[in-house]
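Please take a look at the protein shown here. The briefing below goes through its fold and some of its residues.

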Amino acid sequence: AAEAAAEAAAEAAAEVAKAAAAAAAAGCGDGGFAPKHGVRLLTRALDLQMVLPLLLANPVCALDLEGNLDPGGGGDGGGFGVDLIQVYVPSVDLVLLIHTGALAAAAVQRALGPWLSSREHLKVLCDCRADAEALHAAYGITLAGVVDVQISHAAISGDLPPEVFATAAAGGVAQQLPFFFPTGLSRLASKWCGIADTALAELKAQFGAVFNAGERPFAALPLSAAAAAYAASDAWHIWAVHAALWPAVTQRALEGAVRRLSDVRAAEFREFPGGGGREAWEEKYKAARAERAAAEAARGKSGGRGADKRAAQSRTEEGKRPLPPGGAAASAAASAA
């Protein structure tokens, strides 16, 4: 009876999310990304000071970062560095591209630090771990007030056990989350918002090749039109996924749990260096993949044609999963996915 009730609740939440997804996708047309007020590039400390009141006036914004976000030296492209901070501001339907490569670290910390560390202003991200670690290493900013759409998705889809959210809702949160396979942004946008734009997919594939070659397309000005579109689309799609999922999260009274777990996740790489954060997760990821492959192989030996079909489907799904965040190719795939 309890399982049936849980399934019914999950189905009801999924229906709410689908309805919200339709509303979120309705404004984006066939292109998948179309903010009415466009994209603004900010390159001066004065620019940051001028937009700060706008950020503070919005209780929720979407946030993303570009660059080599591994302070430990993983990845290519000239070493660690934040090249771009993207913010989607929903009240004016505007994406801000903050070119941090053109700004002194002190200017970024002074202007954005209070907002980024405020728990009263929610920042929506997709896999917040690397971004939170990079902000702390580059600017001494502790990211807080986080809503991670991968956690929202896990709450609705069951990727994380319900008891994890029940414990968080009661105010008890573990130091680190249980391991789970994260779902990339492209797949989330397709599942919850029906956004599957061919031109945008081609753009992401193009930039994936650039990242794999160890290049940093956001490091220097001027930004190409393609680079601006790529960066801005990530921030907007994070918001679209959030807009689709949050009503379902709210219906299940999991807002507080998702926020607490998102803040815990933001600390996973940032506060557990030296093998306890990023490196530990990568080892868990490798072990989980090996375990899953062994289980699939065992099923294939005993399951006949049905097992062959399941194995083929599993390989298809594996191709959709994001790579771990270490290294330039993996970091690019995770942020582009």
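The points below run from the whole chain to single residues.

This is a predicted model, in which local features need pLDDT of at least 70 and side-chain atom pairs count only at pLDDT 80 or more, while totals for chains, interfaces and linings use all residues. Residues are numbered from 1 along each chain as its sequence is written, and side-chain values use heavy atoms, with hydrogens and water left out.

**Overall fold**

- The protein has 13 helices and six strands. Helices (H or I, at least four residues) and strands (E, at least two) are DSSP runs, numbered from the N terminus.
- Of the 337 residues, 48% are buried. Buried means under 20% relative accessible area, exposed over 50%, and partly exposed in between (1.4 Å probe, protein chains only).
- Among contacts with a separation of 6 or more, 74% join residues 24 or more positions apart. A contact means heavy atoms within 4.5 Å.
- The accessible surface is about 14,600 Å², and carbon and sulfur atoms hold 56% of that. Areas come from the Shrake-Rupley method with a 1.4 Å probe; for residues, only the protein chains shown count as cover.

**Nonpolar cores**

- The largest nonpolar core has 54 residues. Such a core is a set of buried Ala, Val, Leu, Ile, Met, Phe, Trp, Tyr and Cys residues joined through side-chain atoms within 4.5 Å.
- Leu97, Ile151, Phe165, Phe218, Val241 and Val258 have the most contacts inside this largest core.
- Helix H9 (residues 225–251) gives the largest share of this core, 16 residues.
- Another core, of 32 residues, lies apart from it and includes Val82, Val87, Leu94 and Ala134.
- What does leucine 97 contact, leaving aside neighbours within four places in sequence? Its partners include Val39, Leu41, Leu84, Ile85, Leu223 and Ala228.
- Leucine 245 is in helix H9. Leucine 245 is buried, at 1% relative accessible area.
- Not counting residues up to four places away in sequence, leucine 245 touches Val149, Ser152, His153, Ile156 and Trp192.
- Leucine 245 and isoleucine 156 are 89 residues apart in sequence, yet 8.1 Å apart in space, C-alpha to C-alpha.

**Helix H2**

- Helix H2 (residues 45–57) has 13 residues and reaches 19 Å from its first C-alpha to its last, close to the 18 Å expected at 1.5 Å a residue. The expected span is 1.5 Å times one less than the number of residues.
- H2 bends by about 35° at valine 51, and proline 53 follows within four residues. The bend is the angle between axes fitted to the seven residues ending there and the seven starting there.
- Asp47, Leu48, Val51, Leu52 and Leu55 are buried in H2.
- An α-helix has 3.6 residues a turn, so residues three or four places apart point the same way.
- Cover for the buried residues of H2 includes strand S1 (39–42), strand S3 (81–89), strand S4 (94–98) and helix H3 (105–116).

**Backbone in the loops**

- A cis peptide bond, with omega about 0°, joins leucine 221 and proline 222. Proline 222 lies in the loop between helix H8 (198–212) and H9.
- Aspartate 127 is not a glycine, but its phi is positive, about 60°. It lies in the loop between strand S5 (122–125) and helix H4 (129–139).
- Alanine 253 also has a positive phi, near 55°. This alanine is in the loop between H9 and helix H10 (255–270).

**Threonine 100**

- Threonine 100 sits in the loop between S4 and H3. It counts as buried, at 3% relative accessibility.
- Its side chain reaches the backbone oxygen of valine 82 at 2.7 Å.
- A polar atom of the threonine 100 side chain lies 3.4 Å from the backbone nitrogen of leucine 84.
- Beyond neighbours within four places in sequence, threonine 100 is in contact with Val82, Asp83, Leu84, Ile85, Val108 and Tyr139.

**Histidine 136**

- Histidine 136 is in helix H4. It is partly exposed, at 36% relative accessible area.
- Leaving aside neighbours within four places in sequence, histidine 136 is in contact with Ile141, Thr142 and Arg270.
- The C-alpha atoms of histidine 136 and glutamate 271 are separated by 9.5 Å, although the two are 135 residues apart along the chain.

Notes:
Polar contact = N/O pair within 3.5 Å; in protein donor to acceptor, adjacent residues only side chain to side chain.
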